[in-house]
Amino acid sequence: MGAPHAPYPSDVPYATAADPYAAVPLLVGLPAPALADFDRLAAHGTFRRRTPVFVEGEEGDCVFVVLSGKVKVTRPDPDGKDVLFAMVGPGQLLGELCVFDGGTRHSTATAVRDTDVCWVAAAAMRGWLGRHPEASLRMMRLLATRIRGINDRLEDVTGVDVATRVARALVEQASRFGRRTPLGPRFSLDLSQDELARHVRASRERVNQVLMDFSRRGWVLREGGEWIVLDPSELTRRARYRPETAARRPAIVPSGPRRATGLKRSWAAPSD
């Protein structure tokens with residue numbers, strides 16, 4: 001079985017790599033026989049930046065596990081422009097619904113960085129879940145979490161203002177993909193200005209105004225093509241999560257004590 005869009009073979013055999021599944025909630029901590037069974041079924045490879053993992057309308061014949069890197073999941077709007085649905089990172093599943101419904105892909109997934117993955121044929125995955133009930137329960141929990149996340153995103157789209165939607169997008173990216181630095185979590189959005197605007201359902205000009213305001217307030221800093229969250233507490237506060245959903249919403253872990261004021265701040269719009 002091959003992936004729908006064949007990736008480059010991995011340079012390092014995953015069978016000998018140090019704990020390749022350590023960050024995968026579906027797999028970490030499973031009994032050794034279940035992990036060995038999964039590894040026997042899985043193929044491994046790397047999708048280079050801007051390479052499609054799968055395309056909307058294709059047959060959903062396998063499920064992917066992202067081991068490293070970042071993948072954007074999009075669908076076109078009525079004007080044919082891609083709208084971002086999700087960013088998928090290390091440990092997350094991609095295209096898992098095909099395991100249960102055998103249908104076609106409902107979205108397009110594209111690597112935005114060089115991304116290491118493993119994938120298992122849908123039929124083989126069903127067999128693996130049947131042989132290992134603990135893994136099957138985990139899969140159901142992951143799907144339940146996904147459904148809750150979709151419900152939360154409905155609130156993002158329809159129930160809050162643009163500044164709140166931008167704050168939530170930044171908090172999510174920083175919490176999931178940020179690297180700890182002395183100033184705060186540092187991350188790349190891996191989105192053009194237009195993509196970010198479509199993601200938060202606003203005009204490019206309005207999004208840029210919001211980002212400039214966040215920068216002036218000292219919450220974020222644009223530097224070297226990346227973002228740094230200088231004040232995680234204030235940015236999270238501006239995300240305005242409802243108490244009922246806050247516990248399952250993204251949270252930024254501060255890098256350390258709040259920095260002293262007086263740091264020179266600059267801002268530039270994200271480049272395309």
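## Nonpolar cores

A nonpolar core is a set of buried Ala, Val, Leu, Ile, Met, Phe, Trp, Tyr and Cys residues that are joined through side-chain atoms within 4.5 Å. The structure described here is a predicted model. Its largest nonpolar core has 30 residues, and those with the most contacts inside this core are V166, L170, V207, F214 and L235. At least two residues of the core come from each of β5 (82-88), α5 (162-177), α6 (193-199), α7 (204-216), β11 (226-229) and α8 (232-239). Helix α5 gives the most, with nine residues.

With residues up to four places away in sequence not counted, F214 touches A163, V166, A167, L170, W219, V220, L235 and R238. Another core, of 23 residues, lies apart from the largest one; L26, V63, L129 and M139 are among its members.

## The four-stranded sheet

Strands of a sheet pair through backbone hydrogen bonds, either parallel or antiparallel. In this model, four strands form an open sheet in the order β2-β7-β4-β5, and their pairing is antiparallel. The edges are held by β2 (52-54) and β5, each of which has a single partner strand, so one side of each is left without a neighbour in the sheet. On average, neighbouring strands of the sheet are turned by 30 degrees against each other, direction ignored.

Within the sheet, strand β4 (residues 71-76) and strand β7 (residues 108-111) run antiparallel and are joined by four bridges. Opposite K72 stands T110, a residue of β7.

## Packing of helices α1 and α3

Two packed helices are described by the angle between their axes and the distance between the axes. For helix α1 (residues 32-41) and helix α3 (residues 122-131), the angle is about 170 degrees and the axes are 11 Å apart. Angles over 145 degrees count as roughly antiparallel, and α1 and α3 are therefore roughly antiparallel to each other.

On the α1 side, the contact is made by A34, D37, F38, R40 and L41, which meet A124, M125, W128 and R131 in α3. Sorted by class, the contact of α1 with α3 contains six nonpolar and three charged residues, and no polar ones.

## Two arginines with positive phi

Which value does phi take in R201? Phi of R201 is near 60 degrees, a positive value in a residue other than glycine. R201 is situated in the loop between α6 and α7. With a relative accessibility of 40%, R201 counts as partly exposed.

R240 also has a positive phi in a residue other than glycine, with a value near 55 degrees. The loop that holds R240 lies between α8 and α9. R240 counts as partly exposed, at 48% relative accessibility.

R248 is placed in the segment after α9 (243-246). Its relative accessible area is 41%. Residues count as partly exposed when they fall between the buried limit, under 20%, and the exposed limit, over 50%; R248 is therefore partly exposed.

In sequence, R248 and G149 are 99 residues apart, whereas in space they are 8.4 Å apart, C-alpha to C-alpha. When neighbours within four places in sequence are left aside, R248 is in contact with R148 and D152.

Key: Residues numbered from 1 in each chain as written. Predicted model: local features only at pLDDT ≥ 70, side-chain atom pairs only at ≥ 80, totals over all residues. Heavy atoms only, no water. Buried < 20%, exposed > 50% of the residue type's maximum accessible area, 1.4 Å probe, protein only. Contact = heavy atoms within 4.5 Å. Pairing = 2+ DSSP bridges. Axes fitted to C-alpha atoms, helices over the stretch in contact; angles between N-to-C directions. Parallel < 35°, antiparallel > 145°, perpendicular 65-115°, else oblique. Nonpolar A, V, L, I, M, F, W, Y, C, P; charged D, E, K, R; others polar.
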